[in-house]
Amino acid sequence: MGSNDIPPPHVPSHYLPITNAFLKVGGSLWTICYILLTRESFKSRTYGMPLFALAFNFAWELVYAFFVAEAPLERIVFGIWCLLDCGMVYGILLYGANEWAHAPVIAKNLGKGFSVLVLYCVLGHWAFAKYWIDNEVGRKEGKFYFGKVGPDTTELGFWTAAAAQAYLSAASLVQLLVRRHTGGISWGIWASRTAGSIIGLYLNYAWMWYFWNEAHIYFMSPLGIFLWGTGLACDLIYPFVLARFKKTERVLPNGSKVAGRPEFSSGRKGR
């Protein structure tokens, strides 16, 4: 989205090539992240991406692959991510119940529940995108959609991706704090996810905002800052928590991981 833009004369000629480069690098890093998440899921017998975050991302990629994206490369990238999502979904179906032993009803119906979440998110993404496109929200000169000036899908992509990233980053941090072990995740997953978001989302839109300000003013709006600031803050806190629990967790013979001893103990025995 945005690859078919025609910037006004005051925008430097290197604007669009560098924007596309940011997207390609960020997208490649996220592709690596998805592969690592699937690999780690089978290695440690659990899932790494929080349930609703995966449902939200999977639905976003489905809707944008088949409904929103216009350029063939965009459709291909979203399609590849959809396929990679299937590996993570399979990990949830295979091992997800292990994380819900305390809630047998959820554990027993995890697959059905996740399917409902995906369907719900698909409807939400589709409804929002359809409203945006039908009403040509964000229409600006230089912003083309299917060959004519129309809805700004670059802005649509920002709001939906920034919201998804803010939730994913926050939920991933909370999931780590609740589990107190690193099952389903790794340093490589955190690094590729964080770098992919910084380059493909934050740095990319900051570049567009700086060089074509009037078309991307939303990036530095209060809501925009809140969304990308939340995602960035959680991703920067995450490695410190990850390192802490890597020191205390236990790895079982089958490769799964469990929390170590609680960090706070009364020190009393027999009670």
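This is a predicted model: local features need pLDDT of at least 70, side-chain atom pairs count only at pLDDT 80 or more; totals for chains, interfaces and linings use all residues.
**Figure 1. The backbone nitrogen of Thr 154 lies 3.0 Å from a polar atom of the side chain of Asp 152.** Asp 152 itself is found in the loop that runs between β2 (148-149) and α6. With a relative accessible area of 1%, below the 20% limit, Asp 152 is therefore counted as buried. Leaving aside residues up to four places away in sequence, Asp 152 touches Trp 132, Val 137, Gly 138, Arg 139, Lys 140 and Lys 143, and also Ala 215 and Tyr 218.

**Figure 2. Helix α6 covers residues 153-179 and is largely enclosed by the rest of the structure.** The helix has 27 residues, and the distance from its first C-alpha to its last is 38 Å, which is close to the 39 Å expected at 1.5 Å a residue. Of these 27 residues, 21 are buried, and so α6 is largely enclosed. The residue that follows the helix is Arg 180, whose phi is positive, near 65 degrees.

**Figure 3. The largest nonpolar core has 55 residues, of which Met 49, Val 68, Phe 114 and Phe 158 touch the most other members.** Two or more residues of this core come from each of α1 (15-44), α2 (51-68), α3 (72-95), α5 (110-134), α6, α7 (187-211) and α8 (222-248). The helix that gives the most to this core is α2, with 11 residues. A closer look at Phe 114 shows that, when residues up to four places away in sequence are not counted, Phe 114 touches Leu 51, Leu 54, Ala 55, Val 89 and Ile 92. There is also a second, separate core of 9 residues, which includes Leu 173, Ile 185, Tyr 238 and Phe 245. In soluble globular proteins, nonpolar side chains tend to be buried together.

**Figure 4. The largest pocket has a volume of about 890 Å³.** This pocket is lined by 40 residues, and the closest of them to its centre are Leu 23, Gly 27, Val 77, Phe 78 and Trp 81. At least two residues of the lining are supplied by each of α1, α2, α3, α6 and α7. Among the contributors to the lining of the largest pocket, α1 provides the largest share, with 10 residues.

**Figure 5. The largest cavity holds about 50 Å³ of space.** The structure has 3 cavities of 30 Å³ or more. The lining of the largest cavity is made up of Trp 30, Cys 33, Leu 37, Gly 48, Met 49 and Pro 50, together with Leu 168, Ser 172, Ile 185, Ile 189 and Arg 193. To this lining α1, α6 and α7 each supply at least two residues, and the largest share, 3 residues, comes from α1. Met 49 is also one of the residues that touch the most other members of the largest nonpolar core, whereas Ile 185 belongs to the second, separate core.

**Figure 6. Ser 256 lies in the loop between β3 (250-251) and β4 (257-258).** The relative accessible area of Ser 256 is 13%, under the 20% limit, so Ser 256 counts as buried. The side chains of Ser 256 and Asn 254 are joined by a polar contact of 2.6 Å. Without counting residues up to four places away in sequence, Ser 256 touches Ser 44, Arg 45, Arg 250 and Val 251. Although Ser 256 and Gly 184 are 72 residues apart along the chain, their C-alpha atoms are separated by 8.8 Å.

**Figure 7. Arg 45 and Glu 136 each have a positive phi, and neither is a glycine.** For Arg 45, which is placed in the loop between α1 and α2, phi is near 60 degrees. Arg 45 has a relative accessibility of 30% and therefore counts as partly exposed, a class that lies between the limits of 20% and 50%. Arg 45 is also one of the residues that Ser 256 touches. For Glu 136, phi is about 50 degrees, and this residue lies in the loop between α5 and β1 (144-145). Glu 136 is partly exposed too, with a relative accessible area of 29%.

How values were computed
Residues are numbered from 1 along each chain as its sequence is written. Side-chain values use heavy atoms; hydrogens and water are left out. Helices (H or I, at least four residues) and strands (E, at least two) are DSSP runs, numbered from the N terminus. The expected span of a helix is 1.5 Å times one less than its number of residues. Buried means under 20% relative accessible area, exposed over 50%, partly exposed in between (1.4 Å probe, protein chains only). A nonpolar core is a set of buried Ala, Val, Leu, Ile, Met, Phe, Trp, Tyr and Cys residues joined through side-chain atoms within 4.5 Å. Contact means heavy atoms within 4.5 Å. On a 1 Å grid over the protein atoms alone, a cavity is a set of points where a 1.4 Å probe fits but cannot get out, and a pocket is an open set with protein on both sides within 12 Å along at least five of seven lines; lining residues have an atom within 4 Å of a point. Grid points are joined across faces, edges and corners, and a volume is the space filled by probe spheres set on the points. A polar contact is a pair of N or O atoms within 3.5 Å; within protein, one must be able to donate a hydrogen and the other to accept it, and residues adjacent in sequence count only if both atoms are side-chain atoms.
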